[in-house]
Amino acid sequence: MKKALKYIIILAVSAVLTLGYGFTVGGEPSLWFIGLQIAVAVLIMVYFNKKASCLSAFKKLISIAVTVVVVFVFSIVLYSGVSSSSLTKVGEFETEVTDITFSGSQRSQGNATVYFKTPEGQEDWVIVNADASFLLPDGPPSRGDRIIIGEYEGLFGDIYLEYIMETDNEKGS
């Protein structure tokens, strides 16, 4: 139980830091926040491992590295999950598809990553489920098609984009 306690403490501290960051600073997680998360995890691991003389330095280092990776993934998943749990629509815009890639073997299977330019001129992307034929009766859009993208603000102020629909233009091939 004592071995598991340090990992429980690390994840609890990471969760508190993550939620604290989200509610106070918000937006996309910054580099300094990720560095803080890693530093706190390393300090806690060093504190708990200083008495463990039976472990070699290499095993301690590997243990710390694995813990840091787990804390990083945990923090990002927690932040994204909590932030996206309460989305508010802030607008939508029409844009043109600049590129599209498919994860499945055929155009009508798997996911399609649709690339476009935002109104600010930045290139961005959304993932469209090409299997959802009831949502996309003609399949996913093609390069050059006009589409409507919805903009949503998450609980922590970060922006999420969603493919809403293709506009009434002629479908490309």
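Select T67 first, together with Y7, I10 and M45: these are its contacts once neighbours within four places in sequence are set aside, contact meaning heavy atoms within 4.5 Å. T67 lies in helix α3, which spans residues 57-83; helices here are DSSP runs of H or I with at least four residues, strands are runs of E with at least two, and both are numbered from the N terminus. T67 counts as buried because its relative accessibility is 7%, where buried means under 20% relative accessible area, exposed over 50% and partly exposed in between, with a 1.4 Å probe and protein chains only.

The model is predicted: local features require pLDDT of at least 70, side-chain atom pairs count only at pLDDT 80 or more, and totals for chains, interfaces and linings use all residues. Residues are numbered from 1 along each chain as its sequence is written, and side-chain values use heavy atoms, without hydrogens and water.

Next, select K6, in helix α1 (residues 2-24). Beyond neighbours within four places in sequence, K6 contacts I44, M45, F48 and N49.

Finally, select the whole protein chain. Three helices and five strands are present, in the sequence pattern α-α-α-β-β-β-β-β. Of its 173 residues, 33% are buried.
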